[in-house]
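Trainee: I would like to read this model piece by piece. Can we take it as questions and answers?

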Amino acid sequence: MGMSEFYGRSSESEAVETILRAIDLGVTLLDTADSYGPFTNERLLGRAIAHRRSEVVLATKFGNERREDGTRAGVNGTPGYVRKACDASLQRLGVDYIDLYYQHRVDKNVPIEDTVGAMAELVLAGKVRHLGLSEASAQTIRRASAVHPITALQTEYSLFTRHIEGLILPTIRELKIGLVAYSPLGRGILTGALSSVEGLDPDDFRRRNPRFQGHALENNLALIGRLKKLAAEWDATPGQLALAWVMAQGGDVVPIPGTKRLRYLEENIAAAAMQLSEQQLAALEVAIPAENVQGDRYPDMSPLQS
């Protein structure tokens, strides 16, 4: 996502180099969406993997409908739009099929059965291999699964964001659905590299994110200070500890840390080799109690968990 929008300026050549280096280092899951850019991120990823398609699991999403000029048309889960969006993504990516196709946000005006039914038709047509949902409630996940097997739920999950543990995580585990954890680094704050929003590009969306504002940011940075202390004691970076914590939550949990730079990619990948002890995991949860994190995840929370 950050290679095309939301996190300020980026270099296409470095983005492609980063994608290819990720594959070289053993990364097999690449995640995009038609709304990133909009549309430009799928094209970028398609160019990058043109000669390496067989080496990756390719995931993309539909549902956050946007125009070519970037304006937002809202959430769209109508069957006709599902088919149209999939064909457009296939063309932009330059591929014959999508490994994992997500509904990016649930359309509250369309029964989930209708949306997933249209997605299931894509599987039968050979355009899609597996289906996923993103930011869906436990009830919606159950209803969707009754129409067609759901392979993965993508939702935000990190040391800073643990809302799914009460109902959603037990539900997907009961249904044998994997969890793809986005923003496992808390949009960068868990790396310890961010002290304010003043140095961010003017169009960086974190400037408008509630967790990065005023007293909430001050509170959250105090929590990061505890994480930095543990990282120094354990000879790791704060970001690596945050990623290792997510991966320690189960073999059915896959984090997707985003980056547009090689140096952060390699730091993130190194976290996969870390094995945190039970004592270390407990120490991390004491350092960052989920209930102490301040600020909503988005300026507008209404499209989430439908």
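Trainee: Leaving aside neighbours within four places in sequence, which residues is Arg206 in contact with?
Mentor: This is a predicted model, where local features need pLDDT of at least 70, side-chain atom pairs count only at pLDDT 80 or more, and totals for chains, interfaces and linings use all residues. Residues are numbered from 1 along each chain as its sequence is written, and side-chain values use heavy atoms, with hydrogens and water left out. Contact means heavy atoms within 4.5 Å. With neighbours within four places in sequence set aside, the partners of Arg206 are Tyr7, Arg187, Gly188, Val197, Leu200, Phe212 and Gln213.

Trainee: How many Å apart in space are Arg206 and Arg187, C-alpha to C-alpha?
Mentor: Along the sequence, 19 residues separate Arg206 and Arg187. In space, C-alpha to C-alpha, the separation is 7.9 Å.

Trainee: Is Arg206 buried or exposed?
Mentor: Arg206 sits in the loop between β8 (178-182) and α7 (214-233). Helices (H or I, at least four residues) and strands (E, at least two) are DSSP runs, numbered from the N terminus. Buried means under 20% relative accessible area, exposed over 50%, and partly exposed in between, with a 1.4 Å probe and protein chains only. Arg206 has a relative accessible area of 11%, so Arg206 is buried.

Trainee: Ser183 lies in the loop between β8 and α7 too. What is the phi of Ser183 near?
Mentor: Most residues other than glycine have a negative phi. Ser183 is buried, at 16% relative accessible area. Its phi is positive, in a residue other than glycine, and lies near 50°.

Trainee: Is Lys176 buried or exposed?
Mentor: Lys176 is placed in the loop between α6 and β8. Its phi is also positive, near 60°. The relative accessibility of Lys176 is 72%, so Lys176 counts as exposed.

Trainee: Which residue does a cis peptide bond join to Gly37?
Mentor: Most peptide bonds are trans. Here omega is about 0°, and the bond is cis. Gly37 is joined to Pro38.

Trainee: Why do the buried residues of α5 line one face of the helix?
Mentor: In α5 (residues 138-147), the buried residues are Ala138, Thr140, Ile141 and Ala144. Seen down the axis of α5, they fall within one arc, taken from the directions from the helix axis to the C-beta atoms. They line one face because that arc is 155°.

Trainee: Which residues are exposed on the other side of α5?
Mentor: The buried residues of α5 pack against α4 (112-124), β6 (128-134), β7 (152-156) and α6 (168-174). On the other side, the exposed residues are Gln139 and Ala146.

Trainee: How do α1 and α2 lie to each other: roughly parallel or oblique?
Mentor: The axes of α1 (residues 12-24) and α2 (residues 40-48) come within 9 Å and cross at roughly 55°. Axes are lines fitted to C-alpha atoms, for helices over the stretch in contact, and angles run from 0 to 180 degrees between N-to-C directions. Angles under 35 degrees count as roughly parallel, over 145 as roughly antiparallel, 65 to 115 as roughly perpendicular and the rest as oblique. So α1 and α2 are oblique.
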